[in-house]
Amino acid sequence: MSREDDAADHAHDDGHDHGSGDGHAHGPRIGSAGAEHQKPLAIAFGLTATYALVEVVGGIVSGSLALISDAAHMGTDVLGLGLALAAIQLAKRPATGGRTYGTYRLEVLAAVINGLLLFGVAFYVLYEAVQRFMDPPEVLGVPMLVVASVGLIVNIISFRLLMAGSKESLNLKGAYLEVFSDMLGSIGVIISAIVITVTGFRYIDAIVAVLIGLFILPRTWQLMRQALRILMEVAPPGVDVDAATRELAGVPGVKEVHDLHIWTLTSGMEAATVHIVVNDADVDWHGVLDQTRHILMEEYGVTHPTIQLEPEEHIEQPAGF
């Protein structure tokens with residue numbers, strides 16, 4: 001077997017080991033992190049779904065736009081939490097057929113859908129608030145206060161349940177942000193209800209609704225931006241691909257580095273592919289492979305590197321050959 005064949009086999013084995021999670025690599029975290037937090041996510045889903053219906057009824061009875069907007073927002077929470085649960089469940093399925101990476105990207109798609117829903121709710125609330133500024137309706141402060149207070153308790157419980165998972169998964173982070181913004185929305189509705197009950201100032205309802213909408217927009221954009229970066233396979237934030245290329249080229253025995261790509265498959269799973277040209281027949285190919293792998297994994301957070309070593313005389317064939 002030639003040195004090139006041996007190195008290619010080693011590189012193939014290296015990628016395989018990473019996929020199975022050996023002592024050096026870290027496997028995809030959506031399966032482990034998602035499964036670990038599936039139970040609290042399911043509890044949050046049940047609580048939110050139940051109380052979303054209560055808020056809808058309460059908003060209609062009290063005539064409060066702020067409460068209705070909070071109920072609509074809570075409704076998107078229900079769908080978002082449901083999508084998060086579905087993504088976790090589907091991501092557990094093994095990679096089969098043409099889905100060589102399994103269904104890991106479902107969490108990113110769920111985050112995008114959550115973001116679109118949040119944008120829709122925010123713009124709806126802002127539109128309705130403008131209408132109410134022109135003709136503020138009568139709002140029943142006491143029923144509004146009771147419903148919003150219980151809703152706040154539900155949001156706090158869900159918020160605490162999702163807090164840990166939000167640090168490990170983009171999918172759970174999307175659900176967590178929805179519950180967090182809804183929790184603050186409930187606080188705004190409570191304040192609005194108190195003002196209406198004490199002073200009768202009906203414009204406060206529309207004002208709070210606008211504040212809820214404006215609060216949702218920038219946080220939703222941050223979530224969408226992160227998810228879209230992954231879908232576009234942009235290098236992870238903080239990763240300098242040019243710097244990584246220079247560092248790999250500085251490994252003893254390496255003549256050239258080309259076709260380096262680093263991207264995110266899903267939360268906690270960064271992938272990379274690279275071609276390394278070795279400049280000397282006496283170079284330890286396995287040593288070069290180990291050093292370049294170490295740089296990508298330890299310094300750039302790549303959990304799934306695929307490295308192709310090439311001899312100096314190797315000529316890359318054009319695409320299609």
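The structure is a predicted model, and the chain averages a pLDDT of 76, with 78% of the residues scoring at least 70. The chain holds 10 helices and 3 strands, and buried residues make up 49% of its 321 residues.

**Confidence along the chain**

- Among the elements of the chain, the lowest mean pLDDT, 40, belongs to helix 1 (residues 3–20), whereas the highest, 93, belongs to helix 9 (residues 241–249).
- Over residues 1–33 the pLDDT stays under 50, although the model has 52 contacts beyond four places in sequence for this stretch.
- Where pLDDT is low, the predicted coordinates should not be read in detail.

**Overall architecture**

- Read along the sequence, the elements follow the pattern α-α-α-α-α-α-α-α-α-β-β-α-β.
- Of the contacts in the chain with a separation of 6 or more, 76% are between residues 24 or more positions apart.
- The chain exposes about 15,200 Å², and carbon and sulfur atoms supply 62% of that area.

**Nonpolar cores**

- The largest nonpolar core has 52 residues, and those with the most contacts inside it are Leu41, Leu67, Leu81, Met144, Leu162, Val189 and Ile216.
- Two or more residues of this core come from each of helix 3 (38–62), helix 4 (65–91), helix 5 (106–134), helix 6 (141–162), helix 7 (170–199) and helix 8 (203–231), and helix 8 gives the most, with 12 residues.
- Leaving aside residues up to four places away in sequence, Ile216 touches His73, Leu118, Val121 and Ala122.
- A second, separate core consists of 22 residues and includes Leu248, Ile276, Ile295 and Ile307.

- Beyond residues up to four places away in sequence, Ser186 touches Glu55, Asp70, Ala148, Gly151, Leu152 and Asn155.

- Ala272 is found in strand 2 (residues 269–278), where its relative accessible area of 1% makes it buried.
- The C-alpha atoms of Ala272 and Ile262 are separated by 4.3 Å, while the two residues are 10 residues apart along the chain.
- When residues up to four places away in sequence are not counted, Ala272 touches His261, Ile262, Trp263, Leu296, Val302, His304, Pro305 and Thr306.

**Nonpolar surface patch**

- Phe133, Phe201, Tyr203, Ile207 and Leu211 make a nonpolar surface patch of about 430 Å², and helix 8 supplies the largest share of this patch, 3 residues.
- Phe201, one of the residues in the patch, lies in the loop between helix 7 and helix 8 and counts as partly exposed, at 40% relative accessibility.

**Salt bridge in helix 10**

- The count comes to 1 salt bridge, in which the side chains of Arg293 and Asp290 meet at 3.6 Å, N to O.
- Arg293 and Asp290 both lie in helix 10 (residues 285–300), where they are 3 residues apart, about one turn of the helix.
- The two partners fall into separate accessibility classes, because Arg293 is buried, with a relative accessible area of 15%, whereas Asp290 is partly exposed, with a relative accessible area of 34%.

- Glu233, found in the loop between helix 8 and helix 9, has a phi near 55°, which is a positive value in a residue other than glycine.
- Glu233 is partly exposed, with a relative accessible area of 44%.
- Asp259 lies in strand 1 (residues 254–266) and has a positive phi of about 55° although it is not a glycine.
- Asp259 is partly exposed, with a relative accessible area of 44%.

Methods: Residues are numbered from 1 along each chain as its sequence is written. This is a predicted model: local features need pLDDT of at least 70, side-chain atom pairs count only at pLDDT 80 or more; totals for chains, interfaces and linings use all residues. Side-chain values use heavy atoms; hydrogens and water are left out. A nonpolar core is a set of buried Ala, Val, Leu, Ile, Met, Phe, Trp, Tyr and Cys residues joined through side-chain atoms within 4.5 Å. Buried means under 20% relative accessible area, exposed over 50%, partly exposed in between (1.4 Å probe, protein chains only). Helices (H or I, at least four residues) and strands (E, at least two) are DSSP runs, numbered from the N terminus. Contact means heavy atoms within 4.5 Å. Patches are made of residues with over 30% relative accessible area and no salt bridge: like charges are joined within 9 Å, nonpolar side chains (Val, Leu, Ile, Met, Phe, Trp, Tyr) within 5 Å. Accessible areas come from the Shrake-Rupley method with a 1.4 Å probe; for residues, only the protein chains shown count as cover. A salt bridge is a side-chain nitrogen of Lys or Arg within 4 Å of a carboxyl oxygen of Asp or Glu. pLDDT is the predictor's confidence in each residue, from 0 to 100.
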